[in-house]
Amino acid sequence: MPVPTTSRQGTAGGTRRRRRGPRTWLAALPLLAFAALCFGIPLGALVHGAFTRTDPATGGTALTGDHLARSLEGPYLGALLGSVRLSALTALVAAVLGTLVAQAVVTSRSRALRSAALTASGVLANFGGVPLAFAFIATAGISGVVTQLADLTDLGWNLYSFTGLAVVYLYFLIPLMVLVTVPALDGLRPRWREAAQDCGATAWQFWRHIGLPVLAPSLLGGVVLLFGTAFAAHATAAALVGGSVPLVTLKIADALSGNVLTGQENVALALGLDMILIAGLVMAVYLPLQRRSARWLR
Amino acid sequence: MAALTPAPATPPAAGAPAQAPSQAAPQRPGPVPDGAPVRRPRTGRRRPRVWRGAVLGLAGAYFLLPLVSSFVFTVHTPGQGVSFAAYTDLLSAEGFTESLLLSLGLAAATIAASLLLAVPALVAVRLGSPRLRPVVEVVCMMPLVVPPIALVTGIATVLRWGPDHLAATPFYQTFIAVQNEAFPLVLVLAYTVLALPFVYRSLDAGLRALDVPTLVEAARDCGASWPQAVVRVLLPNLRSSLTGAAFLTLALVLGEFTIASLLGFRPFAVWIVTISGAQARMSVAVSILSLALTWALLLLLSRAGSAAGAGEGTAPAAPKES
């Protein structure tokens with residue numbers, strides 16, 4: 001780091017440098033204060049609510065692990081596992097397909113194709129949520145265009161199922177994978193491939209011993225990122241399947257907005273905490289992988 | 001770019017066939033002594049063209065099919081022929097204009113808030129407080145770990161106990177104000193939190209390509225004040241990452257459904273769902289339009305970013321390297 005260290009600023013530095021210390025510190029303050037207020041407080045409320053029970057009669061609160069325990073049994077556990085299953089499946093499939101597309105884009109030397117594909121990926125990766133669900137309902141729903149044309153229903157197709165949801169999720173996960181892998185594939189210098197070829201390596205040997213080991217952290221990081229994205233997705237599933245596929249995000253929304261029972265809200269908070277723990281685990285895997293892969297991409 | 005620079009690529013290319021004739025010979029027609037040596041091996045591979053075409057074709061089909069058939073769905077009713085009513089009725093549809101304007105307003109406020117918070121912090125961390133850097137990074141990345149649905153449960157909890165505990169204090173008015181139906185500030189706050197990771201990454205990538213201390217010091221030595229150095233030297237160099245951050249935030253806010261619906265507000269995405277029951281065709285039409293809008297904005301922003309950058313002489317060279 002060529003940045004002057006803080007210890008030097010206080011003493012030997014010029015006047016300009018000395019003034020810089022406190023000022024720069026202050027410039028970061030609004031961000032930190034904002035995060036504490038708008039992110040820290042809701043998060044604190046979530047953890048607090050997940051672990052306490054309020055007595056409706058006295059208004060007193062008591063510490064309890066009941067909500068967390070309830071969030072890990074019965075239909076809630078089923079929803080949690082359903083989410084994990086759907087996310088893992090779609091992340092793996094999208095990672096493989098996305099890498100293939102990215103490799104096709106990178107190796108083609110057409111700049112127009114490359115920029116078109118990257119722009120499209122940027123848009124489509126953000127095209128989750130409600131509009132995507134409706135586009136697929138119009139395409140492959142019960143009275144969708146493709147369903148009618150190809151008699152998909154007779155083939156056993158049902159958009160409002162686990163498989164249907166997986167196909168929809170791939171629509172934004174594959175472009176995301178393309179966005180994540182293209183820089184990594186760009187980092188795979190043509191020179192390395194040429195060097196390998198000149199040493200007599202076959203294409204398979206090149207990928208086995210050079211390409212994949214170099215790409216592995218990026219690809220694994222991509223899988224993890226896709227998993228996290230699919231796991232947190234709610235709007236698409238909410239607009240598409242309602243409640244017919246058990247997913248943890250749908251269960252939280254039900255518990256939060258349905259308010260059938262008073263205790264439900266706290267279970268929703270506990271489920272939220274479960275999700276944060278899983279997503280935190282995902283990040284704990286992702287960040288080191290990303291750091292490793294960044295080494296090769298300079 | 002890097003592939004074209006190394007001149008010493010010629011000796012190995014010329015020497016290789018002697019070492020490994022069986023591998024190199026069929027791929028390289030021998031009697032081409034000069035010409036670009038780096039490119040030659042790549043033009044030699046024909047087989048990849050086939051699978052590349054297949055992959056791109058299949059991907060294109062998968063990604064275009066829903067778009068095309070959605071459009072067909074909106075204009076063509078089986079037995080009734082073609083009609084564009086789903087699009088023409090849109091403007092007069094109840095709630096369309098309000099919800100769209102609300103979403104755009106929320107997006108503008110969120111972009112302004114996230115950039116105003118993130119730019120000074122990130123520049124400061126690069127300049128004089130490197131020890132704060134991991135703190136800022138963790139704070140900005142934290143929202144990635146908290147899914148929106150979990151964040152909204154927390155926000156709903158805070159909003160619920162707020163009135164109970166703060167009714168007697170001036171804070172109570174704030175609680176009412178942030179939930180104003182006409183412009184729910186609470187959504188701006190939540191969206192800014194959600195946008196922080198994207199804004200951080202975009203800006204961090206831009207700043208990484210610059211030598212911030214040198215740039216600022218040079219500007220300061222030329223007599224620029226601190227605000228001048230940041231606004232007139234740093235920000236123009238960051239233009240592409242600023243537009244990138246703004247676009248991501250815009251797309252995020254326009255499509256956001258979870259938080260708004262669970263807090264009971266009705267911006268664009270929530271409105272689409274509420275009309276879908278009665279007017280399926282129109283909800284699909286709006287979905288297509290929202291995609292087209294996102295696409296158009298992205299193109300506009302990327303063009304604005306590159307066009308503005310091109311007019312600045314040496315300035316755009318640095319960001320483009322990343």
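Tutor: What follows takes confidence, then the contact between the chains, then the core and a few local details.

Tutor: This is a predicted model, in which local features need pLDDT of at least 70 and side-chain atom pairs count only at pLDDT 80 or more, while totals for chains, interfaces and linings use all residues. Residues are numbered from 1 along each chain as its sequence is written, and chains are lettered from A and ligands numbered from 1 in the order in which they are written.

Student: What ipTM and pTM does the predictor give the complex?

Tutor: The complex has an ipTM of 0.79 and a pTM of 0.77.

Student: And what does chain B average in pLDDT?

Tutor: Chain B averages 75, and 75% of the residues score at least 70, where pLDDT is the predictor's confidence in each residue, from 0 to 100. Over residues 1–44 of chain B the pLDDT is below 50, although this stretch has 31 contacts in the model beyond near neighbours in sequence; two residues are in contact if their C-beta atoms, placed from the backbone, lie within 7 Å. Residues 308–322 of chain B are also below 50, with 21 contacts beyond near neighbours in sequence. Where pLDDT is low, the predicted coordinates should not be read in detail.

Student: Which residues touch the most other members of the largest nonpolar core?

Tutor: They are Leu173(A), Leu226(A), Ala118(B) and Ala121(B), out of 172 residues in that core, a nonpolar core being a set of buried Ala, Val, Leu, Ile, Met, Phe, Trp, Tyr and Cys residues joined through C-beta atoms within 7 Å. Helix α9 (residues 162–187) of chain A gives the largest share of this core, 15 residues. Domain 1 (6–63) and domain 2 (68–297) of chain A both contribute residues, so the core lies between them; the domain bounds come from an automatic or database domain assignment.

Student: Why does Ala118(B) count as buried?

Tutor: Ala118(B) counts as buried because it has 27 C-beta neighbours inside 10 Å; the cut-offs are 20 or more other C-beta atoms within 10 Å for buried, 12 or fewer for exposed, and partly exposed in between, with C-beta atoms placed from the backbone. Ala118(B) sits in helix α6 (residues 96–127) of chain B and, not counting residues up to four places away in sequence, touches Leu31(A), Leu196(B), Val199(B), Tyr200(B) and Leu203(B).

Student: Last topic, helix α10 of chain A: which residues are buried there?

Tutor: In α10 (residues 190–198) of chain A, Glu194(A), Gln197(A) and Asp198(A) are buried. The buried residues of α10(A) fall within an arc of 95 degrees seen down the axis, so they line one face of the helix, the arc being that of the directions from the helix axis to the C-beta atoms. Just after α10(A), Gly200(A) takes a positive phi of about 95 degrees.

How values were computed:
Helix = DSSP H or I, 4+ residues; strand = E, 2+ residues; numbered from the N terminus.
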